[in-house]
Amino acid sequence: MERRNFMRGLAAAPALGTTALLAGGGDALAAGQPGPAPSSPADARAFQLGLMQRMAEPVLANMAKGQLKKTFQLEVSPTWDGRDKGVTYLECFGRLIAGVAPWLELPDDGTAEGKSRKRLRELAVQSYIHSVDPKSPDYLLWKGPGQTLVDSAYFTNALMRAPKALWEPLDATTKRRIVAEIKSLRRIEPPYINWLLFAAMNEAFLLSIGEEHDPMRMNVAIRKINEWYIGDGWIKDGEAFHFDYYSSYVMYPMLVEILEVLARHKGPFWNGKPDELLAQAYQRMQRYGEHLERFISPQGTWPPVGRSLTYRTAVFQPLALLAWRKKLPKSLPEGQVRAALDAAHRAIWTTPSNFTPDGYLTIGFMGHQPELGDWYSNNGSMYIASAGFLSLGLPATDSYWTSPAQDWTQKKAYSGAKFPKDYPVNY
């Protein structure tokens, strides 16, 4: 990518201003021309790259030196439940690296983007070393409360998403320590909600590197998630249905990636075929992705419903994952999804108070809004937003990043253009 496009994206967030963006969108809607024009392919990628780097730089640069805990000032929700705040650092690193990993896995090149990627990759590897070194100031809270299980799954998910960039370069001692810490978390019994997938993800990681793993933890999670599927692309989180975005944050991405490992390594699954379950999970995630795309307004906004709203653009992880895997359904052309997600990122991230003066994320939906935090929310939790960047795992030359921008569904609908009707599915 040309340096000017890369730097333009880095500077775009503070320059645009979300208030102006939304006000402009409202005026345009009144005039019958809803929303801003789609960004060019190069500008869309540059904006996401700049935003991802802005998130990653202070975390990785400090943790690579063992100084994350020293520099990352903790913030918790006003309704914080009193658990050990030290888990914040595991949440911060684990969630961030899970979203950045696909981009780090891209090969080196001589571009400005490539040079930045190489540097951040080296910082990420050093951060992993500190994370499991008991003598490091940034040794993470592996002996902590149940929340440790949750964020260990993002920690291992990143290693699965970028094995060449993040796992293979690690020294033998660090690899041994990671395996030991992950296995030690079997002491935590996950409740029968989305937490089952966190335990399963860790076992999938162990299977992927040839370590002894627990098939029961993987298979029970897969079966329960499929039991909780209620139709038309939606999954319950436990016995009751909640209208929120947990199918984005956890359910679909983790179910699909666990099944990918199970199918690839021919892991045991009683009376079932992982390949078929994987195909089914992808098909259902594609349907859910159609809903997500239709939620995006002409101005790039979407319904602020349900818990964990402060995870911001992590809500679009399934669409980003489908794009990265080249699995978008025919109903969602690449240029249309890219344009829709670009508008959604700009609607949220152009608010300066999303970041502290030191460059770390704040608690909030659009800006610093700590009152929107849940009882489990801290500023480390917010780094799950990096999951919205999975499509950056595709090189700049990929058709996802080069195809012409297209209006998304609501943009077509509110401009009087033709757009497809929507019907439920039975798979």
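## Basis of the model

Contact means heavy atoms within 4.5 Å. The model is predicted, so local features need pLDDT of at least 70 and side-chain atom pairs count only at pLDDT 80 or more, while totals for chains, interfaces and linings use all residues. Residues are numbered from 1 along each chain as its sequence is written, and side-chain values use heavy atoms, with hydrogens and water left out.

## Leu277

Leu277 lies in helix H13 (residues 274–295); helices are DSSP runs (H or I, at least four residues) numbered from the N terminus. With a relative accessible area of 17%, Leu277 is buried (under 20%, using a 1.4 Å probe and protein chains only). Not counting residues up to four places away in sequence, Leu277 touches Ile222, Asn226, Leu259 and Phe269. Its C-alpha atom is separated by 8.9 Å from that of Val256, 21 residues apart along the chain.

## Helices H3 and H5

Helix H3 (residues 41–63) packs with helix H5 (residues 87–104) at an angle of about 135°, their axes being 10 Å apart. Axes are lines fitted to C-alpha atoms over the stretch in contact, and angles run from 0 to 180 degrees between N-to-C directions. Residues making the contact include Met55 and Met52 of H3, and Phe93 and Ile97 of H5.

## Nonpolar core

The largest nonpolar core has 133 residues, and Met55, Tyr128, Phe155, Leu166 and Ile178 have the most contacts inside it. Such a core is a set of buried Ala, Val, Leu, Ile, Met, Phe, Trp, Tyr and Cys residues joined through side-chain atoms within 4.5 Å. Helix H12 (residues 246–264) contributes the largest share of this core, 12 residues.

Note on methods:
Helix = DSSP H or I, 4+ residues; strand = E, 2+ residues; numbered from the N terminus. Buried < 20%, exposed > 50% of the residue type's maximum accessible area, 1.4 Å probe, protein only.
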